Amino acid sequence: MFYEYITQMAFEEFKVRRYDGGLDRARLELLERRCEVGPSQHVLLFTDTMGDPISRIRNSPMYIMLVAELNHELVGAIQGSIKVVTMKELAKVGYILGLRVSPLHRRKGIGLSLVQHLEEWFVRHQVDYAYMATEKDNTASVDLFVNKLQYVKFRTPAILVHPVRTRPLKLSSKIEIFKISEENAEYLYRRFMGLTEFFPSDIDKVLSNKLSLGTWVACDQGERCRFGHNGYFPTNWAMLSVWNSGGLFKMRIAKAPISCMMYSKASKVINKAFACFTMPALLSNIFEPFGFYFLYGVHHEGPTSGKMVRALCKYVHNMARVSEDCMMVVTEVGSYDDRVRPHIPHWRLLSCPEDLWCIKALKSEGRESFNELTRIPRTRPLFVDPREV
Ligand SMILES: CC(C)(COP(=O)(O)OP(=O)(O)OC[C@H]1O[C@@H](n2cnc3c(N)ncnc32)[C@H](O)[C@@H]1OP(=O)(O)O)[C@@H](O)C(=O)NCCC(=O)NCCS
């Protein structure tokens, strides 16, 4: 049972309640269209959930969406999911996603109230830590979570974006790339990444999801036949998995109003960013919604495994080329993974060098281990679950 909350304000009152598909779907799509993602000094990017606003959380074991209503208008929304992941040890983490408040109703306490209600739902489900990610320069979001709600800045991974070109990228003949089964992928992930921060205990569910296109391994030519047999692994190898985010939601580049000063700047950035596309269909309508592949579970072993990672990225790029509307290959790597970052092809213009991850302990008895956790230097890689992207 979820109770409705009425929040009194000086002149207006708003109500926070559970999302109701029948009542809210269309109004939510409208809200999403009104809310730009992050600060708009780069390209104005909007998400298009293709008629299913809860598509992002639907694949998590437990999830909820709350909406805020003011005078029968839908003015805000937030999504949350709960999963067991590796932190210092296994912990229940509540993920905060998709917080949006209509631009006309900002600074009225709606965003704050939505987060507080979601935190209450987390507490009712014995969540240890609440987690959220935002762009480092999204002042409204950082102020809300860090200053107002005492979240702690935790990690700053980089989001690396690589546009898909029409020509295939050349692969080295010295490196062999092969697809492995879900069972083998699960085994390798639990063995090599099980202690990675945010590693999901239900990795098997991620790998078997229909959006997960598979897992690939790269190693030197000649090593494939022995790979993994009797505990043998080559000195240098790498693996990654591919998630078809475009199957869930699309990104859309918005046309800013002509009157808006940003427009000329945005147009220049867009033109520059998309100058690399030679496919006429893409050039003719860059404002059409497009999908992207997300690379997750990037793992590599050995001093020269960077080139294996590069080969895998190129391989996925070539897969994306022949897909219907995949225009980007995206991945997110922690600062600990600095060694591998140069090997992941990406465009600096489209990438985000520091995505900000914040967390907050929700149980008072966990405070000590939380303090310890936030003091731990970045000595471990991060696992970025594609379900939260
Ligand atoms: C971030 C966002 C949800 C805030 O919603 P909101 O309803 O305007 O926020 P609130 O009125 O509840 O503000 C609560 C606190 O957040 C901070 N805050 C909110 N907007 C701010 C802004 N523009 N600048 C600085 N601080 C801001 C303040 O600390 C504020 O407290 P105060 O009003 O007492 O100073 C809203 O700006 C938004 O939808 N942005 C676009 C989407 C987005 O970036 N989502 C966040 C992704 S994690």
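## Strand β15 and the model

A residue is buried if 20 or more other C-beta atoms lie within 10 Å of its own, exposed if 12 or fewer, and partly exposed in between, with C-beta atoms placed from the backbone. Helices (H or I, at least four residues) and strands (E, at least two) are DSSP runs, numbered from the N terminus.

This is a predicted model: local features need pLDDT of at least 70, side-chain atom pairs count only at pLDDT 80 or more, and totals for chains, interfaces and linings use all residues. Residues are numbered from 1 along each chain as its sequence is written.

## The open sheet

β15 belongs to an open sheet of 6 strands. The order is β9-β15-β14-β12-β11-β10, and the pairing is mixed. Two strands pair if DSSP finds at least two bridges between them. The edge strands are β9 (158-163) and β10 (175-180), each pairing on one side only. Neighbouring strands of this sheet are turned by 25 degrees against each other on average, direction ignored. For such angles, axes are lines fitted to C-alpha atoms, for helices over the stretch in contact, and values run from 0 to 180 degrees between N-to-C directions.

On one side, β15 meets β9 in an antiparallel pairing of 6 bridges. His162 stands opposite Val329 of β15 there. β14 also pairs with β15, in the parallel sense, over 5 bridges. Phe294 stands opposite Val330 in β15. The bridge partner of Lys179 in β11 is Trp216.

## Helices on the sheet

Two helices come next. Helix α4 (residues 182-193) packs on the sheet and touches β10, β11, β12 (237-244) and β14 (291-301). The direction of α4 makes about 55 degrees with that of β14. Helix α8 (residues 306-321) also packs on the sheet, touching β9, β10, β11, β12, β14 and β15 (326-333). The direction of α8 makes about 160 degrees with that of β14.

## Helix α3: two sides

Which residues of helix α3 (residues 139-148) are buried? They are Ser141, Leu144 and Phe145. Seen down the axis of α3, these buried residues fall within an arc of 80 degrees, so they line one face of the helix. The arc is that of the directions from the helix axis to the C-beta atoms. The face turned away from the buried side carries the exposed residues Thr139, Asp143 and Asn147.

The buried residues of α3 pack against α2 (110-124), β7 (129-135) and β16 (355-361). Two residues are in contact if their C-beta atoms, placed from the backbone, lie within 7 Å. Gln150 follows α3 and has a positive phi, near 60 degrees.

## The ligand shell

The ligand is surrounded by 22 residues. The closest are Arg106, Gly111, Leu112, Asp143 and Leu144. A residue counts as near if its C-beta atom, placed from the backbone, lies within 6 Å of the molecule or strand in question. α3 gives the largest share of the shell, 7 residues. β6 (90-101), α2, β7 and α3 each supply at least two shell residues.

By class, the shell has 8 nonpolar, 8 polar and 6 charged residues. Ala, Val, Leu, Ile, Met, Phe, Trp, Tyr, Cys and Pro count as nonpolar, Asp, Glu, Lys and Arg as charged, and the others, Gly among them, as polar.

Strand β5 (residues 73-86) is mostly covered, with 10 of its 14 residues buried. Strand β4 (residues 62-70) pairs with β5 in the antiparallel sense over 9 bridges. Leu70 stands opposite Glu73 in β5. The two strands form a hairpin with 2 residues between them, and Asn71 in the turn has a positive phi of about 50 degrees.

β5 and β6 run antiparallel, joined by 10 bridges. Ile82 has Gly94 as its bridge partner in β6. This hairpin has 3 residues between its strands.

## Lys153

Lys153 sits in strand β8 (residues 152-155). Leaving aside neighbours within four places in sequence, Lys153 is in contact with Val146, Leu356 and Cys358. The C-alpha atoms of Lys153 and Thr374 are separated by 8.3 Å, though the two are 221 residues apart along the chain.
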